[in-house]
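Keep the 3D view open as you read.

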Number of protein chains: 4
Amino acid sequence: MKRVGVIGASGYSGGELLRILAGHGGVEIAHAISRSHSGRKVHELHPNLRGVLGIEFEDLPPEEVAGDCDLLFTAVPHGAAMDIAPRALDAGAMVVDLSGDFRFKDTSVYERYYGIDHSCPEVKAVYGLPELHREEIKKARFVANPGCYPTATILGLAPLIKEGIIENERIVADAKSGVSGAGASPSATTHFCMANESVLAYSPAAHRHLPEIEQELSSLGGSVKVSFVPHLVPVNRGISVTLHCFLRKGQSEEGVRRLYERFYEKEPFIRVLDVGEVPRLSAVRGSNFNDIGCFRVDMERGRLIVVSASDNLVKGAAGQAVQNMNLMLGFEETRGLRSIALHP
Amino acid sequence: MKRVGVIGASGYSGGELLRILAGHGGVEIAHAISRSHSGRKVHELHPNLRGVLGIEFEDLPPEEVAGDCDLLFTAVPHGAAMDIAPRALDAGAMVVDLSGDFRFKDTSVYERYYGIDHSCPEVKAVYGLPELHREEIKKARFVANPGCYPTATILGLAPLIKEGIIENERIVADAKSGVSGAGASPSATTHFCMANESVLAYSPAAHRHLPEIEQELSSLGGSVKVSFVPHLVPVNRGISVTLHCFLRKGQSEEGVRRLYERFYEKEPFIRVLDVGEVPRLSAVRGSNFNDIGCFRVDMERGRLIVVSASDNLVKGAAGQAVQNMNLMLGFEETRGLRSIALHP
Amino acid sequence: MKRVGVIGASGYSGGELLRILAGHGGVEIAHAISRSHSGRKVHELHPNLRGVLGIEFEDLPPEEVAGDCDLLFTAVPHGAAMDIAPRALDAGAMVVDLSGDFRFKDTSVYERYYGIDHSCPEVKAVYGLPELHREEIKKARFVANPGCYPTATILGLAPLIKEGIIENERIVADAKSGVSGAGASPSATTHFCMANESVLAYSPAAHRHLPEIEQELSSLGGSVKVSFVPHLVPVNRGISVTLHCFLRKGQSEEGVRRLYERFYEKEPFIRVLDVGEVPRLSAVRGSNFNDIGCFRVDMERGRLIVVSASDNLVKGAAGQAVQNMNLMLGFEETRGLRSIALHP
Amino acid sequence: MKRVGVIGASGYSGGELLRILAGHGGVEIAHAISRSHSGRKVHELHPNLRGVLGIEFEDLPPEEVAGDCDLLFTAVPHGAAMDIAPRALDAGAMVVDLSGDFRFKDTSVYERYYGIDHSCPEVKAVYGLPELHREEIKKARFVANPGCYPTATILGLAPLIKEGIIENERIVADAKSGVSGAGASPSATTHFCMANESVLAYSPAAHRHLPEIEQELSSLGGSVKVSFVPHLVPVNRGISVTLHCFLRKGQSEEGVRRLYERFYEKEPFIRVLDVGEVPRLSAVRGSNFNDIGCFRVDMERGRLIVVSASDNLVKGAAGQAVQNMNLMLGFEETRGLRSIALHP
């Protein structure tokens, strides 16, 4: 049994980490850290854990948690992680960070999009998307877990960029996310009456996840520019990205689909659907799958439509973090991640 | 008092017509036609009309309804309208048709996208988008009311096409509609458990509303091609279209906004929002307004984001039909259409 | 034209008052008071009012608003109203208070259920339920507008209490409210992800609206005790109360229904449905109607089921407040309140 | 490995059985029977099973399925089960029936509430609520799985009836269910636009689940009469029952809670919450837990409020059926049923 800790265990990603780790079997949750809820049972905030996980939130410094654990998850806001993660690494633990602080090769991009200075640009993490970086992750002590939007978007575009069949600087990614993606803190935006019966574009020109998408895709095939617009839709969980691509030349729909199938043939968590089949959120809700489908070609307009979907809290956050942990600690990659989605 | 009739009064558009006409003040609802519900009180299907409109559904031939009315609304499925509307016109009534049967200048486009032969290509209607065709509508006896997606999409793009500032053949319109847009008939798609907690792209390469959008926009500024993908989102009413445009050259956000303000300055039902403000469905729910906003420019990627939203059953269907009726019968254009949206 | 003001205009009830008053025709909205949003356009918080109501929120003392108005609405939290209302009355304006501060004949009941001392027990208001107190309201200068739960519950039970056909001390009122009833302030309870896909009982033994219900019903027919449990359900607007009553002796369902019809025969905003027909929220959403139906008798268990429903922001708050205003200022009672519900 | 089959595998309960059985580990799904979908992959209807369960729906007679299986689940409409189950039993398989056909000791009660004749009143099943009938179930070859409403309601009331502390003939059970409880067939009631933004009482005086509740509770403590009213609320999954009870004499809240704790102390799937804590649907969604909480006493009105909640498709249907299977086949009772609920 390996010992793990979660720093920032009271939020949605933190709670989801506890849910998945509690059913993992190969790890013990040694510490669930939450400064503001220290002393309360974890099930007071995450009622699904009642009778399943009896521990309490604690307020301990990163060094102490790290000293007692093999691996830490940091599920804290950006800006906070850049303080915590290096201290945990120095104290000897492996770290999977779920914030945006260590996702960028070029720190200046981070500073521009997040609007804050980076305190430790010299600390580098591996970008934790196993489908692109599995071998590096296996050897890493420090992994930056991708954002929910980038996971679904990069996975949906990677085969196209790799093959070079679309106009890389004219990609449109129109994304729709469940409200849990906005976090557990109450706000005007997340008030039920504002989010319900609504669909709302936000950060349409400069969302923080945009440069992360372009960084990863560019490494697969030259300069890539994405017109990325995220939307909040009135669902709890799930992310769906509609990718509008302009084809360089004619393609058959089945040919495009096969290209995805080949690219992902050994991937345990990528499902390539049939031509015309659009991923449903209920097919991924609560699971670590990312489904990719549609593959519609409209040659009159020279375009290709692909849709990529996953659960923003699982493959888009906690599930992928556990997938990275499995790779780092030498567990089978799918361990703890085989639960089937809830449909309906 | 003018006398009006609604053929196809039991569906959502039909019910919405009854709601709006019941509060109009200048018209009397002489007939509400529904073959399958003939003899039942209209409030049995539309419970909001209890105590407001005491009439029953009838099953009468179009000629008889037309002979007793100044104007008819045909809110029947496509294919059925091409039989009914000409008979009503011949019998002397004006007609506003809410189906797709008469929206196309080129009948072959209709036949290709709707997959049926047109029985009367010689019967021509005016395309009922007052913001583009007001003067023709005033003189028309027969108006083809636009679809919900085209209304929001065309209104959101018209000023850009007119000014020629975007790449007309690279437009992406990613649309999200409430489920009422799929009609009142129960189906697997409209089952609560399938539509709830879901967002689903459909007809991604060949939606019937696409050629209607391109027809109207092309008439404003040369060949226009739109990558249009509609989605069902879990809301009852409302449509929101995110328009991803590639700019021909640099533009200021405020400059783009002013362009819209000028284009729509005399329009009673178009509201141009501030730069950065995204239209909310709650600002248009139940009202005849179409709100246009966002106006974000990202020159690094050469793109402009505009969002256009309305209530698919009002400005996208019944409200616009009454607006057309007002123009055709000489009422003030806003009569019966001044009700304020329900927020939240 | 009468001049009216709204104190507490930024919340949901305040916004709904502005929506209804803006379409009233007989009044001018002289002041919309909000300390925290002073200087902002009202449509920045209530986007449905854009292009409809151009005024700004102001921060003025009650006396000043009262001095400039014929009637004030106080839509502020309980505790705050007991300070503001008397000052406005003293300054010469009529007042309709939407808080709980002046709804109780017995101030000690208020103090017990609200947990605060009442600063002016000598100031008395008429309980503003027109169906029970119309003549008093017409003569009143100060009206305490009922809560949303009491409105639907009292209206659903009044004919039964009056006739004495049920066990008055064994009444169960199981109520379900949309989340707008919890107010516009963000909180853990109103976070989308907590309220969505959820139904949650709250304050099951001591909700503040309970004594208000018992006070009014007892005045109709002796001691009444209600087991009242409110629930939050994932809808924006609407309240539905299922009344489980134990019959003193056998009754026919149609007989019970007629009893309601007689009791409410002259009421413009009460609709008595058919036996077996259950009120739908879509039949009242956005309207001032309160629908009452079901009327199922199960003599094997000696019980009667009645369901009462309305829009919590209209008949349950702002609409009823305007109805009271109409009575107080001598307008026709239904003025500004004839808009038809949005279905679906 | 035991071999099991599911007859009626295309509905929601059938799909949920496949989901749970696919992760069970001790059984092989030998047959998934669906006449109307025969030949299609199960993931075409249950997209969550893609990549997890590769079998196809078949159309085989019960005898053939039974001959090839140790145990069958019949998840077919009432009326159909009374034909299928006896044939499967005769062919040598054990059967867990999810319909209402075999839940009643007194067939005449069935015939009265379901409105059809029973074709084989001599075939008797054990009522499959393990918390009340575990030892009988272990020995049974034929188990009638309880309905979703009865499961939550009986579990919520059993300790009170057993102790005799409430008025047994004055119990009110006001229940709210997610729409999946109404089945997968499209209908006017389950249309998204009708169920969304709605809460609707149905079958208020004679729901089919009512006699099942009274049968089981009466066996614990004399004549029991329940005023049971079910409601549809706009959520996919989950059932919550608010129990309004009249106390025979004063009780402390903590005392009532302890009574539940003792009654259920060895139960793996019953969680007794703290006084004042109300069960959340997100705490049980996708899990086999039934949570019971609230325990509010209001002695002024002599009443006690208890709330009981579970996932209608899991503990209310497929999960409980697998729990019964585990008991019948000698597996550990919790096998395949340990997955943790999805919160949020």
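Where chain A meets chain B, 51 residues from chain A and 51 residues from chain B make up the contact. Keep in mind that this is a predicted model, so everything below is computed from predicted coordinates. The area buried between chain A and chain B comes to about 4,300 Å², with carbon and sulfur atoms giving 57% of it. On chain A's side, Glu197(A), Val199(A) and Arg301(A) supply 16% of the area that chain A buries against chain B, more than any other three residues.

The rule finds eight salt bridges across the interface of chain A and chain B. Strand β10 (residues 226-232) of chain A gives the most to the side of chain A that touches chain B, with five residues. Sort that side of chain A by class and you get 26 nonpolar, eight polar and 17 charged residues.

Now turn to chain D. Here 33 residues of chain A are in contact with 33 residues of chain D. The two chains bury about 2,800 Å² between them, 60% of it on carbon and sulfur atoms. Arg50(A), Ile340(A) and Pro344(A) supply 26% of the area that chain A buries against chain D, more than any other three residues.

Between chain A and chain D the count is four salt bridges. One to look up is Arg50(D) with Glu277(A), where the closest N and O atoms are 2.5 Å apart. There are also 14 residue pairs in polar contact across the interface of chain A and chain D, again with both residues at pLDDT 80 or more. As for the elements involved, α1 (12-22) and β12 (270-275) of chain A each supply at least two residues of the side of chain A that touches chain D. By class, that side of chain A holds 15 nonpolar, eight polar and ten charged residues.

Here are the two interfaces side by side:

| Interface | Buried area | Carbon and sulfur share |
|---|---|---|
| Chain A and chain B | about 4,300 Å² | 57% |
| Chain A and chain D | about 2,800 Å² | 60% |

What about chain A by itself? It has eleven helices and 14 strands, and its C-alpha trace spans about 60 × 45 × 40 Å along the principal axes. A compact globule of 344 residues would have a radius of gyration near 20 Å, and chain A has 19 Å, so the two agree. Of the 344 residues of chain A, 67% count as buried. Among contacts in chain A between residues at least 6 apart in sequence, 69% join residues at least 24 apart.

One last stop, over in chain B. Ser203(B) sits in the loop between β9 (200-201) and α9 (209-221) of chain B. Is Ser203(B) buried or partly exposed? Ser203(B) has a relative accessible area of 35%, so it counts as partly exposed. Pro230(B) is 27 residues away from Ser203(B) along the chain, yet their C-alpha atoms are separated by 7.1 Å.

Methods:
Residues numbered from 1 in each chain as written. Chains lettered and ligands numbered in written order. Predicted model: local features only at pLDDT ≥ 70, side-chain atom pairs only at ≥ 80, totals over all residues. Heavy atoms only, no water. Contact = heavy atoms within 4.5 Å. Buried area = accessible area lost by both parts, 1.4 Å probe. Salt bridge = Lys/Arg side-chain N within 4 Å of Asp/Glu carboxyl O. Helix = DSSP H or I, 4+ residues; strand = E, 2+ residues; numbered from the N terminus. Nonpolar A, V, L, I, M, F, W, Y, C, P; charged D, E, K, R; others polar. Polar contact = N/O pair within 3.5 Å; in protein donor to acceptor, adjacent residues only side chain to side chain. Rg over C-alpha atoms; globule rule 2.2 N^0.38 Å. Buried < 20%, exposed > 50% of the residue type's maximum accessible area, 1.4 Å probe, protein only.
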